[in-house]
Amino acid sequence: MNASLQQNSAPSQAIAPSRRTEFWNGFKDTFPLVVGAVPFGIIFGALAVTSGITAGGALAMSAFVYAGASQFIAAGLVSNAAPVLIIVLTTFVVNLRHALYAASLAPHMKHLPQRWLAPLGFWLTDESFVVVIARYTKTDPSPFKHWYFLGSAVFMYSNWQLCTLIGIVAGQAIPNPSAWGLDFALVVTFIGMLASFVRNRATLIASVVAGIVAVLAHGLPNQMGLLVAAVLGIVAGVITESLNPDEALKPIDKITSADAEALS
Amino acid sequence: MNEILMIIGMTLVTIAVRYPVLVLVGKIPLPPAVVRALKFVPTAVLTAIITPAVLYPRSSQIELGITNEYLIAAVLSSLVAWRTRNVLVTIVVGMASLLAWRWLMSVL
C-alpha cells in the first residue's frame, strides 16, 4: 500500500492520525488487557517449569507459539504426561478461535503487503483482536490503522515474554500462586472478553451448551472434555442460528452492545 | 526431544489458524458454512475453559456452594462484564471479590 511508502510526508493529525499516533493509541488501548495478562504470564512461567517443561522450553513456547490459553493448557497436559499429539490437537482446537479473528480482520487488511500480514498474523491474540477490531470498525478513513494493530501487538508480545521470564525466575519464590488468587487471572480475563462475543440468542446458547458439557465431561482424560464441549457448543450455536435466520445475516465483525441489550 | 516436537507442533497449528486465514479471506471469501461455525468458536472455547476452572477450583470435586470463592467471583465479574463491557473493570472486580470472599470465608 502506498501509505507505508510515504515515509517523509508531513504529519497531518488534523485530517487523520499519523502512524505514530495510531501506534501509540494501539499501545494505550491495549493497556487494560496487558494488565490482565501480567499475572497470567507470570503464572504460565512458574507453572511451566514446575510441570516439567524446561526454562528454555517455556521461553520458546511464549516466543514461538504465543497463545496464552493453549500454553497454559499444554503445561497442565505435560504434567499429566499426555502424548505430544494430544497436546498439539488440543492447541489446535483451543486456538481455532483465532481463525475467526483473522477472518473478521482480513477484509480490513487485504491491501497490506506480506511484510505486514505475516507479523500481524503471528501476533494475533484474543486481547489484540478485541482492541484492534474496534479500531478497524470505526468509520474514519485513516490509512494507518495497521499501525494501531502493531502498537497493540508489540505491547502484548513484549509483555508476554517478560512475564514468562519473571514467572520462570519467580517460580520458586511463589510456591503456591493460587493462594494469591493468581490462577483466577486468566479466567476473569476470559469472562471479560466473553461478554463481547455473547451478543445474541445463538451465541448465548453456544456458551451455555459448551459450559454445561465442559463441566459434565471434566473427568475425561487429557482435557478431552474441553474439545468435546467446544465442538458441541459450536454445533448448538449453528443449529440455533439456522432456526433464526435473521441472526445469520449479521456480519461477523459487528460486535454491538445492542444485541446484548436485546437479550437482557 | 519430545519438548521440541511439542513446541514445533504447537507453533505450526497456531500459525495455521491465524496467518493463512488473514491472507486468504482478503482474496477468497470463506464458505458461508465455515464462517457460521467460526462465529461460535470463541464463545464455545472460552466458556469451555472458564466453567471447569470455576466449578472445580481445587480438585476433581465439584463445588457449587457459597464456600467456592471462584464461583462467587465468576458470577460477580460476569455481571460486571455484561453491564460495563470493560475488561479491566471486570478483572479488578473479579480478583477483588475472589480475595474478599476467601477472606470472609476464613474468618466466619
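Two residues are in contact here when heavy atoms of theirs come within 4.5 Å of each other. Keep that in mind as we walk through this predicted model.

Let's start with chain A as a whole. Of its 264 residues, 55% count as buried. If you take the contacts in chain A between residues at least 6 apart in sequence, 79% of them join residues at least 24 apart.

The ends are another story. Over residues 1-14 of chain A the pLDDT is below 50, and beyond near neighbours in sequence this stretch has twelve contacts in the model. At the other end, residues 251-264 of chain A also stay under 50, and the model gives them 32 contacts beyond four places in sequence. Among the elements of chain A, helix α13 (residues 257-263) has the lowest mean pLDDT, 36, while helix α2 (residues 55-65) has the highest, 96.

Now zoom in on helix α4 (residues 84-95) of chain A. This helix has twelve residues and reaches 16 Å from its first C-alpha to its last, close to the 16 Å expected at 1.5 Å a residue. Its buried residues are A:I86, A:I87, A:V88, A:T90, A:T91, A:V93, A:V94 and A:N95. What do the buried residues of α4(A) pack against? Within chain A, they pack against α3 (68-79), α5 (97-109) and α11 (224-243). From chain B, α1 (2-25) and α3 (41-55) join in.

Chain B has a spot worth a look too: B:T90, which sits in helix α5 (residues 87-107) of chain B. B:T90 counts as buried because its relative accessibility is 0%. Leaving aside neighbours within four places in sequence, B:T90 is in contact with A:V188, A:I191 and A:G192 from chain A, along with B:S77, B:V80, B:A81 and B:T84 from chain B.

Last stop, the surface of chain A. Here A:L204, A:V208, A:I212 and A:L216 make a nonpolar patch of about 380 Å². One of these residues, A:L204, lies in helix α10 (residues 201-216) of chain A. Is A:L204 buried or partly exposed? A:L204 counts as partly exposed, because its relative accessibility is 32%, and that class runs between 20% and 50%.

Definitions and conventions. Residues numbered from 1 in each chain as written. Chains lettered and ligands numbered in written order. Predicted model: local features only at pLDDT ≥ 70, side-chain atom pairs only at ≥ 80, totals over all residues. Heavy atoms only, no water. Buried < 20%, exposed > 50% of the residue type's maximum accessible area, 1.4 Å probe, protein only. pLDDT = per-residue confidence, 0-100. Helix = DSSP H or I, 4+ residues; strand = E, 2+ residues; numbered from the N terminus. Expected span 1.5 Å × (residues − 1). Patch = residues over 30% accessible without salt bridge, like charges linked within 9 Å, V, L, I, M, F, W, Y side chains within 5 Å. Areas by Shrake-Rupley, 256 points an atom, 1.4 Å probe, with all protein chains shown as cover. Salt bridge = Lys/Arg side-chain N within 4 Å of Asp/Glu carboxyl O.
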